[in-house]
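Open the model in your viewer and keep the selection tool at hand. The stops below go from the whole chain to single residues.

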Amino acid sequence: MRIFTNVKDLGDLKIALNEAFEIKKDRFAFKHLGENKTLMLVFFNSSLRTRLSSQKAAINLGMNTMVLDINQGAWKLETERGVIMDGDKSEHLLEAIPVMGCYCDIIGIRSFAKFENKADDYSEKILNQFIINSGRPVFSMESAIVHPLQAFADLITIEEFKTKARPKVVMTWAPHPRALPQAVPNSFADFMNEADVEFVITHPEGYELDPQFVRGAKIEHNQEKAFEGADFIYAKNWSPFRDDIYGQVVNIDLSWTVDSRKMNLTDDAFFMHCLPVRRNMIVTDDVIESPRSIVIKEAANREISCQVVLKRMLRSL
Ligand code: AN0
Ligand code: CP
């Protein structure tokens with residue numbers, strides 16, 4: 001594996017899941033693979049889980065890790081070609097990326113959507129520059145429009161907790177005070193559409209996601225109807241994809257918050273969220289603290305999803 005941005009990069013999902021469970025049973029079994037190999041994690045945005053779980057996955061595989069926070073201690077980077085660099089940016093990404101590539105074997109990138117230009121975001125401008133110019137295998141640690149390590153961890157979690165061959169998985173929009181990317185819901189839809197689940201998305205009007213990720217998923221605008229009979233509730237806020245309101249906050253309607261009354265409409269569903277989560281905006285205290293909340297198990301599986309990806313990338317070196 002040289003690139004990890006979407007579900008297709010994993011190939012057969014059953015094989016990928018088996019690999020994940022094999023790693024989970026003995027996470028140090030492949031420690032020899034990473035000997036003398038270096039992982040570089042580049043963060044343009046904040047992170048708790050991705051930062052720690054990726055480092056832990058690398059440690060499990062015997063790798064060394066270097067972490068660069070672009071906004072803390074690195075030079076400010078220009079990303080556009082042709083710009084006269086007379087402002088506050090001291091270095092261009094076009095030099096910085098191949099330099100970073102010199103010091104490592106595999107690179108992970110966190111670079112959120114900027115919401116300045118939809119076409120730039122949806123062309124994964126920053127991530128693709130790393131893919132093209134670093135000379136290294138590259139994986140997304142949430143880039144502009146995808147968060148595949150999260151979605152893969154979510155799939156592993158659903159596989160562990162499901163009690164039916166084909167569970168009903170409902171991804172619901174929920175309110176948030178700031179504009180958040182579409183990366184998490186895009187990748188979750190990307191993975192659920194390939195998994196053996198009944199997948200339903202519920203959101204207010206205006207919050208339609210990119211059809212390339214939604215594909216054949218069922219859309220139900222009535223949240224309570226969507227929740228009926230659900231086995232998993234996957235809550236997430238995202239900002240609109242639609243051109244005229246792209247990346248804006250147009251709705252913070254708290255009637256969309258996931259609460260216990262709505263959870264009672266489900267088939268005793270598990271509650272999922274990628275975290276970080278704003279309590280009593282996205283989900284009430286009692287739901288996230290309930291025994292059916294599996295948000296911590298989900299976060300724990302981030303180590304496993306990353307380890308599958310790193311293991312495959314190490315084998316491709
Ligand atoms: C980010 C998002 O919604 O994409 C990261 C989630 C993993 N969340 C925030 O910025 C709060
Ligand atoms: N879920 C997730 O990616 O969390 P972080 O933003 O803390 O890495």
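**Whole chain**

With everything selected, show the surface: the chain exposes about 13,700 Å², and carbon and sulfur atoms supply 50% of it. Accessible areas come from the Shrake-Rupley method with a 1.4 Å probe, and for residues only the protein chains shown count as cover. This is a predicted model, in which local features need pLDDT of at least 70, side-chain atom pairs count only at pLDDT 80 or more, and totals for chains, interfaces and linings use all residues. Residues are numbered from 1 along each chain as its sequence is written, chains are lettered from A and ligands numbered from 1 in the order in which they are written, and side-chain values use heavy atoms, leaving out hydrogens and water.

Switch to cartoon: the chain has twelve helices and twelve strands (DSSP runs numbered from the N terminus, helices being H or I of at least four residues and strands E of at least two). Its C-alpha atoms fill a box of roughly 55 × 50 × 35 Å along the principal axes. Of the 317 residues, 56% are buried (under 20% relative accessible area, with exposed over 50% and partly exposed in between; 1.4 Å probe, protein chains only).

**Strand β6**

Select 106–110. Five of the five residues of this strand are buried, so β6 is largely enclosed by the rest of the structure. Show the side chains: Ile106, Gly108 and Arg110 point one way, and Ile107 and Ile109 the other.

Leucine 41 stands opposite glycine 108 here. Valine 138 in β7 is the bridge partner of isoleucine 107.

**The five-stranded sheet**

Next, find the open sheet with parallel pairing and the order β10-β9-β8-β11-β12. β10 (218–219) and β12 (270–272) each have a single partner strand, so one side of each is left without a neighbour in the sheet. Select 232–236 for β11, which pairs with β12 over three bridges. Tyrosine 234 is opposite methionine 272 in β12.

**Isoleucine 288**

Finish in helix α11 (residues 285–289), where isoleucine 288 is found. What relative accessibility does isoleucine 288 have? The value is 11%, so this residue counts as buried. Beyond four places in sequence, isoleucine 288 touches Phe271, Val277, Arg279, Val283, Ser293 and Val295 (contact means heavy atoms within 4.5 Å). Draw a distance from isoleucine 288 to valine 277: their C-alpha atoms are separated by 9.6 Å, with the residues eleven apart along the chain.

Technical notes: Pairing = 2+ DSSP bridges.
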